Amino acid sequence: MKVTIAQIGENRLKRVLVDDKENSPEKLCEVLSSDFKNVCNCYMDEPSVDVSADITDDGIEFNVHINAKRIKSIGVLTI
Amino acid sequence: MARKIVFTSGKGGVGKTTVCANLGATLSNLGFRVCILDVDIGLNNLDVVMGIENKVVFDIIDVIESRCRASQALVQDKNFENLYILPSAHSYRGEEVSASDIQNVVKNLENSFDYIFIDCPAGVEQGFKRAVSSASEAVVVVTPHISSIRDADKVLSILATYNLNQKYLVVNRVRGDLMMNGEMIDVDEIIRFLHIPVLGVIPEDDDITALSSVGALGGRESNRAWMLLAENLHNGTQKVFDCKQKYRGLFGSFRRNIKRKV
């Protein structure tokens, strides 16, 4: 079956949009959350990390919210 | 209190100002009081599109810098009595204007109108932020071109960080004949990619181009589409203009082939 110009366009568009998403603020927040969680795991028990990004007049503002059951005692710190 | 709606796109030249002006004119024809704010400071064109460039006395910068009240700077449209325009300044660079300046102007006008449309500049820089932070709803205008849809997708991800009640999509300059021939990305695909409620689909209309030269609005082919767009915005309906309709069937096939060959 012949591929139409519209189908070629749609495929290119899909590829472009997917590539762009790799660098979106949401994706960055996910990556940051994951990195923060790794760090927090060294100091806290069962930490949950939430990172959000806001675009302000001065640039991008990242808000990091961390919740943990308790802080690890010095003797078991993994660093 | 007015509904405050920003018209944005990311990409320039997709028809934000045209959509803003024609939708404003249609709503004002239905009896609603509409004010359109041109916040494209330094590169304003709403006054020219609406043919009121000779009637401008004060502009939005005069309001912000307290040389006049917002109501004094408003220009009434020559054809639609319920339609008012707050023009922007052409010879002002705009760096000194903050988001709160625009918010204050909008606040001064919101009790006098049913709708306040904010015509956003292209791009996602300072001017975009000023425009979007003054609105409670956003209309993202796209054309069926990859560059426009890509920019709209980017704009939508930025809009998600603002406190907006609703975001809508308007697909502008659609060629039904090209879509039927498989030569243009289908409107349904655009809606599927961007994944926000569609407010309207506007066909490419030669009258819009021709009338813009004389500062008039409307167009024979797009009139019904503007009406559906206005109804959808006001009533929350989802009736979308079918750009392919006149190109279906035997006569439609003949019509679209003639259009491509002429």
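**Notebook: strands, helices and an interface of chain B**

I began with the strands and found that Val6(B) stands opposite Ile118(B) in β5(B). I noted at the outset that this is a predicted model.

**Entry 1: strand β5**

I looked up the extent of β5(B), which covers residues 115-119, and its pairing with β1(B), residues 3-8. These two strands pair in the parallel sense over 5 bridges. Besides the pair I started from, I picked out Lys4(B), whose bridge partner in β5(B) is Ile116(B).

I then looked for another partner of β5(B) and found strand β2, residues 34-38 of chain B. The two run parallel and are joined by 5 bridges. Here Asp38(B) stands opposite Asp119(B) of β5(B).

Next I checked burial. Is β5(B) enclosed or open, given how many of its residues are buried? I found that 5 of its 5 residues are buried, so β5(B) is largely enclosed by the rest of the structure. I sorted the residues by side: Tyr115(B), Phe117(B) and Asp119(B) lie on one, Ile116(B) and Ile118(B) on the other, and both faces are covered.

**Entry 2: strand β1**

I went back to β1(B) and counted 5 of its 6 residues as buried, which makes the strand mostly covered. I also looked up its pairing with strand β6, residues 137-142 of chain B, and found 4 bridges in the parallel sense. In that pairing, Phe7(B) has Val139(B) of β6(B) as its bridge partner.

**Entry 3: helix α11**

I moved to helix α11 of chain B, residues 223-235. I read its 13 residues as spanning 18 Å from the first C-alpha to the last, close to the 18 Å expected at 1.5 Å a residue. After the helix comes Gly236(B), with a positive phi near 75 degrees.

Which residues of α11(B) are buried? I listed Ala225(B), Trp226(B), Leu228(B), Leu229(B), Ala230(B), Asn232(B) and Leu233(B). I found these buried residues packed against α1 (16-29), β7 (166-174) and β8 (198-203) of chain B.

The axes of α1(B) and α11(B) are 9 Å apart, at an angle of about 75 degrees. The two helices are therefore roughly perpendicular to each other. From α1(B), I noted Asn22(B), Leu23(B), Thr26(B) and Leu27(B) in the contact; from α11(B), I noted Trp226(B), Met227(B), Leu229(B), Ala230(B) and His234(B). By class, I recorded 6 nonpolar and 3 polar residues in this contact, with no charged ones.

**Entry 4: Glu53**

I looked up Glu53(B) and placed it in the loop between α2 (46-49) and α3 (60-64) of chain B. Is Glu53(B) buried or partly exposed? I found 16 C-beta neighbours inside 10 Å, so Glu53(B) counts as partly exposed. Leaving out residues up to four places away in sequence, Glu53(B) touches Asp47(B) and Val48(B). I also checked Pro87(B): it is 34 residues from Glu53(B) in sequence, while their C-alpha atoms are 8.7 Å apart.

**Entry 5: where chain B meets chain A**

I ended at the interface, where 17 residues of chain B are in contact with 17 residues of chain A. On the chain B side, α7 (146-159) and α9 (187-194) each supply at least two residues. What gives the largest share of that side? I found that α7(B) does, with 7 residues. By class, I recorded the chain B side as 7 nonpolar, 3 polar and 7 charged residues.

Notes. Residues numbered from 1 in each chain as written. Chains lettered and ligands numbered in written order. Predicted model: local features only at pLDDT ≥ 70, side-chain atom pairs only at ≥ 80, totals over all residues. Contact = placed C-beta atoms within 7 Å. Nonpolar A, V, L, I, M, F, W, Y, C, P; charged D, E, K, R; others polar. Expected span 1.5 Å × (residues − 1). Buried ≥ 20, exposed ≤ 12 C-beta atoms within 10 Å, placed from the backbone. Pairing = 2+ DSSP bridges. Axes fitted to C-alpha atoms, helices over the stretch in contact; angles between N-to-C directions. Parallel < 35°, antiparallel > 145°, perpendicular 65-115°, else oblique.
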